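Subject: Structure for you to look at

Hello,

Here is the structure I said I would pass on. My notes on helix packing and model confidence follow below.

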Amino acid sequence: MSRLSISGISFRSHGWVSTCRGSEQWEEGVVRCLGCVTNSCWRWCGFVIRKYPTNELLGFLFGVSKSVVSRLVNRGVALLAQAGKDGMRMPDPGRKHRRELDDLLSELPELGVVIDTFEQQVQRPQVRSARTPKEREQKQKEADSWYSGKKKKHTIKSQVGVDRNSGEVVDVDVDESVRGPTGDLGLLKKSLLMERIPEGVSGEGDLAYVGIAKLHPQKLGFTPRRKPRGRDKNRPRGEDKPRPPEDIAYNKAFAKSRIVVEHTICRMHRYECLAQPDRHHRGIKGHTERTRAVAGLVNRQIRHRLPFMVR
């Protein structure tokens, strides 16, 4: 019996299994050895999500085919995604734990959901394989629909809602991930997140969410204050109007309040399945499951580190 340790996770390979290669007993032995779905599903799938190895590498490590690895991973990630979705909960207005806000943010409720999005690079759709001009035009349109002008690459986008007080993920776009060029406000409308927020809880975002108050049932949507438009005739060369000092102070306090969503997204990017280029041929359903699974694992970390804020 040999022992293999990768990134703090230990696996054991049994010599007897090699005699059953190619038979039903071989796959049953691998399932029993890896403990997928039954015993150590969380550890096995956590390793896959954290390090994002290829199916070929996993097959080499455990002596199985790519198809066996694919079936086991898909089963385990689906369970993790469901567990992560079930563990998400909106801020409870009845809780007594509150975080004091800056005096400049007195108009904001004590409880809020901070919303933001992140993009992940995907494989570029193939255009050269087209045989006719019409087919090439169709494939070019398909490729352009995935191209993000902000990232200068083909991407897929996911929306994340975070509890302002604890940093816990309370919602990952329940519908599905979307193509990179989709606007943040359009994705928010599609997800219907504002309709699921409890009464008295605000929704907050950056300047990409200007107009979020119209989507909130109680008009409790907040964004940073925009710079005044137009030219200032009193300034040389017709420069833009200066930002009022009170707006500068407000935006600084607002940024300190919403930085929690950036920290949570940073925690999610520690998992290589969301940091490396996606290798699943722009599969939206699979990407949504991986995002939910990672969000569930991040929530477990936050609850373990900050139990006094999330109980």
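Which residues in H4 meet which residues in H10? The model is a predicted one, and in it the H4 side of this contact consists of Val 77, Ala 78, Leu 80, Ala 81, Gly 84, Lys 85 and Gly 87. On the H10 side they meet Glu 289, Arg 290, Arg 292, Ala 293, Gly 296, Leu 297 and Arg 303. By class, that contact has six nonpolar, three polar and five charged residues.

H4 covers residues 66-87, and H10 covers residues 284-305. Their axes lie 7 Å apart and the helices pack at an angle of about 55°, which makes H4 oblique to H10. The crossing of the two is left-handed.

H4 also packs with H3, which spans residues 55-62. Here the axes come within 8 Å and cross at roughly 105°. An angle of 65 to 115 degrees counts as roughly perpendicular, so H3 is roughly perpendicular to H4. Asn 55, Glu 56, Leu 58 and Gly 59 in H3 meet Lys 66, Val 69, Ser 70 and Val 73 in H4. This contact has three nonpolar, three polar and two charged residues.

On confidence: the protein chain has an average pLDDT of 77, and 76% of the residues score at least 70. Over residues 1-27 the pLDDT is below 50, although this stretch has 38 contacts in the model beyond near neighbours in sequence. Residues 33-40 also stay under 50, with 17 contacts beyond four places in sequence. Where pLDDT is low, the predicted coordinates should not be read in detail.

Regards

Terms used:
Residues numbered from 1 in each chain as written. Predicted model: local features only at pLDDT ≥ 70, side-chain atom pairs only at ≥ 80, totals over all residues. Heavy atoms only, no water. Axes fitted to C-alpha atoms, helices over the stretch in contact; angles between N-to-C directions. Helix = DSSP H or I, 4+ residues; strand = E, 2+ residues; numbered from the N terminus. Parallel < 35°, antiparallel > 145°, perpendicular 65-115°, else oblique. Contact = heavy atoms within 4.5 Å. Nonpolar A, V, L, I, M, F, W, Y, C, P; charged D, E, K, R; others polar. Left-handed = near helix turned anticlockwise from the far one by under 90°. pLDDT = per-residue confidence, 0-100.
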